[in-house]
Amino acid sequence: EGTNKELVWRGITADLIPEKFVMEGLIREFRDIDIKGKRIFVPHSRQGRPVLCEALARRGAVVDELFLYHVEPPREANRGDLLALIERERFDAIAFTSSSCVHQFMQFAGKAKKLLQQQTFVVIGPITEKTLRRYGYTAAAAAAVFTMDGLVQAIKKIRKG
């Protein structure tokens, strides 16, 4: 949804918009399209999952990838500051918008198991939820629609619960 809005704002019309806003949803949109021999350009994050490019290539497309960015923690990030903030603020929820957010967060806070087990985590979708589970934590809620609005609704849901 957000990506499509950005495209429209720039005067570009998307040919395919998946029902579910994950790579697997986009892959499903290609199911009835003959892409054998077609050249498809996929600009994305260096840490992005390779499933889209792999699926397109398996279907015979010639896939050109360009890593436009990579996720890294800010230089001023500090594990002690993060843990103190979590303890001091007693957040109602910690929301993750992507798997890379989970990875970065856990790099800083991952060893503070006791503190993290007391937290309520909310995720934007099933891929992010799976990543969180790999670290040993369960999401209290996941967005039904994998957008920021969906994430807000998931947070509202746990607040009412």
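Reader: Where is the place of Ile 12?

Author: A quick note before we start: this is a predicted model, where local features need pLDDT of at least 70 and side-chain atom pairs count only at pLDDT 80 or more, while totals for chains, interfaces and linings use all residues. Residues are numbered from 1 along each chain as its sequence is written, and side-chain values use heavy atoms, with hydrogens and water left out. Helices (H or I, at least four residues) and strands (E, at least two) are DSSP runs, numbered from the N terminus. On that basis, Ile 12 sits in the loop between helix 1 (2–9) and helix 2 (23–29).

Reader: And what does Ile 12 count as, given its relative accessibility?

Author: Buried means under 20% relative accessible area, exposed over 50%, and partly exposed in between (1.4 Å probe, protein chains only). Ile 12 has 42% relative accessibility, so it counts as partly exposed.

Reader: How are the rings of Phe 105 and Phe 121 paired?

Author: Rings of Phe, Tyr and Trp (its six-membered ring) pair if their centres lie within 6.5 Å; planes under 30 degrees apart count as stacked, over 60 as edge-to-face and the rest as tilted. The whole structure has four aromatic pairs. For Phe 105 and Phe 121, the centres are 6.4 Å apart and the planes stand at 80°, so the pair is edge-to-face.

Reader: Which parts does that pair of Phe 105 and Phe 121 tie together?

Author: Both of these residues, Phe 105 and Phe 121, are buried. The pair ties together parts 16 residues apart in sequence, because Phe 105 lies in helix 5 (residues 99–109) and Phe 121 in strand 4 (residues 121–123).

Reader: What kind of aromatic pair do Phe 121 and Tyr 137 form?

Author: Their ring centres are 5.6 Å apart, with 65° between the planes, and that makes Phe 121 and Tyr 137 edge-to-face.

Reader: Is Tyr 137 buried or exposed?

Author: Tyr 137 is in the loop between helix 7 (126–134) and strand 5 (139–142). Its relative accessibility is 5%, so Tyr 137 counts as buried.

Reader: Which residues form the one aromatic cluster?

Author: Phe 121 pairs with Tyr 137, and Phe 105 pairs with Phe 121. The cluster is made up of Phe 96, Phe 105, Phe 121 and Tyr 137.

Reader: Zooming out, how many helices and strands are there in the protein?

Author: From the N terminus on, the elements run α-α-β-α-β-α-β-α-α-β-α-β-α. That gives eight helices and five strands.
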